[in-house]
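Subject: Structure for your review

Hello,

Here is the structure I said I would pass on. Please look it over before reading my notes on the charged side chains.

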Amino acid sequence: MFSYSALCLAAEPLVFTCTRSEKNYTETYELKVSPGSKNQKAKVFVDDRDLDQSDELGRQVIKNVLVTEPTVLISMEAHFPPESFDGVQYGAGSVITAITIHRATGQLRKAETIRGGILSATLGEGTKTYQEQCAVATKP
């Protein structure tokens, strides 16, 4: 009976209210993490938008979600086809993202590795790290 309730508890979504600040810009958003199960893939949502997406503009996939008592770890990949913008042709690109949320402090650390594409041209190639602050959202 204990293992059943522990499994049910582990399957409950975690909801965080996070704040991202950069220069003079501040944004608050909701991050919802639904751990996977034996029959269902883990899901991650930002403001109710599923981060697993695929269309003609590219493909973004949640690769792994690991929820432990101290942390939440999320890994995802995004791939973009070649594109033309303002008369400039850009090759295909990708972004690999690793997110760690320390559950006790709410500190979110994100590492994004950009390779190719328009993002590489505008943001720069390589790995960038960001830090945000999150809090567990209160249940209604």
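The notes below cover the salt bridges.

Please keep in mind that this is a predicted model.

Glu27 has a relative accessibility of 24% and counts as partly exposed. Arg20 is also partly exposed, at 25%.

Another bridge pairs Lys41 with Asp52, whose closest N and O atoms are 3.0 Å apart. This pair links distant parts of the chain, 11 residues apart: Lys41 sits in the loop between β2 (25-34) and β3 (43-46), and Asp52 in the loop between β4 (49-50) and β5 (53-55). Lys41 is partly exposed, with a relative accessibility of 41%.

Arg115 and Glu125 make a further bridge, and here the closest N and O atoms are 3.9 Å apart. Because Arg115 is in strand β11 (residues 107-116) and Glu125 in the loop between α2 (117-123) and β12 (126-136), the bridge ties together parts that are 10 residues apart in sequence. The cut-off for a salt bridge is 4 Å, so this pair, at 3.9 Å, is within it. Glu125 has a relative accessible area of 46% and is partly exposed; Arg115, at 42%, is partly exposed too.

Regards

Notes: Residues numbered from 1 in each chain as written. Predicted model: local features only at pLDDT ≥ 70, side-chain atom pairs only at ≥ 80, totals over all residues. Heavy atoms only, no water. Buried < 20%, exposed > 50% of the residue type's maximum accessible area, 1.4 Å probe, protein only. Salt bridge = Lys/Arg side-chain N within 4 Å of Asp/Glu carboxyl O. Helix = DSSP H or I, 4+ residues; strand = E, 2+ residues; numbered from the N terminus.
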